[in-house]
Amino acid sequence: MKTQLTLAAALLVGTALNPAVAQEKIKLGVVVTLSGPAAALGQQVRDGFALAVKDLGGKMGGRDVEVIVADDELKPDAAVTKVKGLLERDRVDFVVGPIFSNILQAIHRPVTESKTFLISPNAGPSTFAGKDCNPFFYVTSYQNDQVHEILGKVAQDRGYKRMYLMVPNYQAGKDSVAGFKLDYKGEIVEESYMPLNTLDFQPELSKISSQKPDALFTFMPGGLGVNLVKQYRQAGLADSIPVLSAFTVDESTLPAQQDAAVGMFGGANWAPNLDNPQNKTFVASYEAAYNVVPGTYAFQAYDAAMLIDSAVKAVKGDLSNKDAVQAALKKADFTSLRGAFKFNTNGYPIQDFYLTKVAKRPDGKFQTEIVQKVFENYGDRYAKDCKAAN
């Protein structure tokens, strides 16, 4: 199912823009999960991106913008079909998405082979960060391993000697374990890979209770995380076995988890309370527009729109010269909500990473808050193998 949103504003077209180009709208295809348990993640991307386009007055580089949103249904085959429609029927200039790495792996080739720029506001698998990097692919989030590396370092630094690992059985889950193990040198008592549609965690919770690890490391996005956290708290484990997680307790899941998640730790490249002017404005605007606290999905999508805008401005609205657009994207000449940000040679960011903790705000809403900075100006370990983007 596809919805279409045309955002325009009565701003004058800059004189430097080619008049013929100015008549054509820039078409942006957003491909995210908008159905099923993970829909909340896609909604944050869709809404964060829409807010950025609104803040830009509905224009990029003096040209009106048309945003076409497609639901990938969290099905690779469906995602490919939707993407081909965006490319062949709608003739989009950029594809933005998706949430999940298995969907990215499915759509990456048809998008990049058509010489259309693919901007990922979330999925950042190792697959395209090294030797298979691509000059038509850019990520405004992270390389998947990195967020999980935060938790591995924290577990090591805190002296946790025995860890239980539980992740979904797909590429991002495998990346998460690889990332965690980079700095963690203790014993892993269990390494459990769960089906991506798991909603009942009782068998795993029984094993955790009997094995008594020092802490649980988990990556369970969307509905997976909602159920796990509630069941973990109900099982009485939250007070005795700390949770170190990524994308399990965040602003997309907290409205459903609520008090069950308070005190649980996460790893992230951002949090709503990150103290800089642009982020404060963004968080306030997002909450006013959608009445929910934005998460990483929303902020990374906002940055994705601003990245595209910076490139369109740099080429004065003329997207016909792909090399020029590529150079402009790589420069990343915009103010990121996270503060310091630049692209590595592989099109993945170099940025700071933090340990976060779930808190309940005075207004009753829940959010993650920064506990400490764990990595600074950190680039992923695969970039050294990237040749295509050098």
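Me: How far apart are the C-alpha centres of domain 1 and domain 2?

Reply: They lie 27 Å apart in this predicted model. Domain 1 covers 26-142 + 275-347, and domain 2 covers 145-268 + 356-378.

Me: What makes residues of domain 1 and domain 2 part of the contact?

Reply: Heavy atoms within 4.5 Å make a contact. That brings in 21 residues from domain 1 and 21 residues from domain 2.

Me: How much area do domain 1 and domain 2 bury between them?

Reply: About 1600 Å², with 61% of it on carbon and sulfur atoms. On the domain 1 side, Tyr142, Val293 and Tyr297 supply 29% of the area buried against domain 2, more than any other three residues.

Me: Why is the pairing of Glu287 and Lys365 called a salt bridge?

Reply: The cut-off is 4 Å between a Lys or Arg side-chain nitrogen and an Asp or Glu carboxyl oxygen. Glu287 and Lys365 come in at 3.7 Å, N to O, so the pair qualifies as a salt bridge. Across the whole interface of domain 1 and domain 2, the rule finds two salt bridges, plus four residue pairs in polar contact.

Me: Which elements give two or more residues to the side of domain 1 that touches domain 2?

Reply: Helix H2 (39-55), helix H4 (101-113) and helix H11 (296-314). By residue type, that side of domain 1 splits into 11 nonpolar, nine polar and one charged.

Note on methods: Residues are numbered from 1 along each chain as its sequence is written. This is a predicted model: local features need pLDDT of at least 70, side-chain atom pairs count only at pLDDT 80 or more; totals for chains, interfaces and linings use all residues. Side-chain values use heavy atoms; hydrogens and water are left out. Domain bounds come from an automatic or database domain assignment. Buried area is the accessible area (1.4 Å probe) that two parts lose on being put together, summed over both. A polar contact is a pair of N or O atoms within 3.5 Å; within protein, one must be able to donate a hydrogen and the other to accept it, and residues adjacent in sequence count only if both atoms are side-chain atoms. Helices (H or I, at least four residues) and strands (E, at least two) are DSSP runs, numbered from the N terminus. Ala, Val, Leu, Ile, Met, Phe, Trp, Tyr, Cys and Pro count as nonpolar, Asp, Glu, Lys and Arg as charged, and the others, Gly among them, as polar.
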